[in-house]
Amino acid sequence: MNKLSQEEWEASIQRIGIVAGCIIFRDGKYLMVQERQEKVYGLWNVPAGYVDNGEEAETAAIREALEESGYEVVLEGLIGLYHDTTFEPLKHVYEARVVGGDLRIQEDEILDAKWLTFTEIKNLNKDKKLRARWIFDAICRAEEKRT
């Protein structure tokens, strides 16, 4: 296994970035968005995106939910922090509740948005149609709270 030098590690930390997203549950279903970006085209995600310079992760999660789905949300707690590899962003994932707005996707970034049952999401995961494994883990944690 190749180890990074201290200099390489410090450089990687500076460019990693932070992502914030929401697990939004309503009427027995979770809100999922389908990615438009070329490298993840057609894969499903939760509303999420990069935290802007100087922005708090919580604020970014609320902003991304509104931008990607059209829903205004309030956060109800932290589901978890995810960091798979040195070169991946640190993800802050929150549980959120819809308090306003209507479903309206951000067409330059999102293909579609749907409310899906946990079983439907399990099938997406099994078929490798989720953007990353942390998404399913975060939804499983949210689902465990409900049962």
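A charge is said to sit over an aromatic ring if NZ of Lys or CZ of Arg is within 6 Å of the ring centre and within 35 degrees of the ring normal. In this predicted model, arginine 146 lies over the face of phenylalanine 25, at 3.7 Å from the ring centre.

Aromatic rings also meet one another here. A pair of aromatic rings is described by the distance of the centres and the angle of the planes. The structure holds 4 aromatic pairs. One of them joins tyrosine 82 and tryptophan 134, whose ring centres are 6.0 Å apart and whose planes are 35 degrees apart, a tilted arrangement. This pair links distant parts of the chain, since tyrosine 82 belongs to strand β5 (residues 71-82) and tryptophan 134 to helix α4 (residues 133-146), 52 residues apart. Tyrosine 82 and tryptophan 134 are both buried.

Serine 69 is found in helix α2, which covers residues 57-69. Is serine 69 buried or exposed? Serine 69 counts as buried because its relative accessible area is 0%, and buried means under 20%. Two polar contacts involve the side chain of serine 69. In one, the side chain of serine 69 reaches the backbone oxygen of alanine 65 at 2.5 Å. In the other, a polar atom of the serine 69 side chain lies 3.2 Å from the backbone nitrogen of tyrosine 71. Setting aside residues up to four places away in sequence, serine 69 touches Leu31, Glu64, Asp102, Leu103 and Arg104.

Lysine 29 has a relative accessible area of 32%, so it is partly exposed, a class that runs between under 20% for buried and over 50% for exposed. Which residues does lysine 29 contact, leaving aside its neighbours within four places in sequence? They are Ile24, Trp115, Leu116 and Thr117. Lysine 29 and leucine 130 are 101 residues apart in sequence, and their C-alpha atoms are 16 Å apart in space.

The last stop is the empty space in the model. Rolling a probe the size of a water molecule over the atoms shows where such space is left. The largest pocket has a volume of about 500 Å³. Its lining is made up of 23 residues, and those nearest the centre of the pocket are Val19, Lys39, Tyr50, Pro89 and Arg131. At least two residues of this lining come from each of α1 (6-16), β4 (48-50) and α2.

Note on methods
Residues numbered from 1 in each chain as written. Predicted model: local features only at pLDDT ≥ 70, side-chain atom pairs only at ≥ 80, totals over all residues. Heavy atoms only, no water. Phe/Tyr/Trp six-rings, centres within 6.5 Å; stacked < 30°, edge-to-face > 60°. Helix = DSSP H or I, 4+ residues; strand = E, 2+ residues; numbered from the N terminus. Buried < 20%, exposed > 50% of the residue type's maximum accessible area, 1.4 Å probe, protein only. Polar contact = N/O pair within 3.5 Å; in protein donor to acceptor, adjacent residues only side chain to side chain. Contact = heavy atoms within 4.5 Å. 1 Å grid on protein atoms, 1.4 Å probe; cavity = no way out; pocket = protein on both sides within 12 Å on 5 of 7 lines; lining within 4 Å. Points joined across faces, edges and corners; volume = space filled by probe spheres on them.
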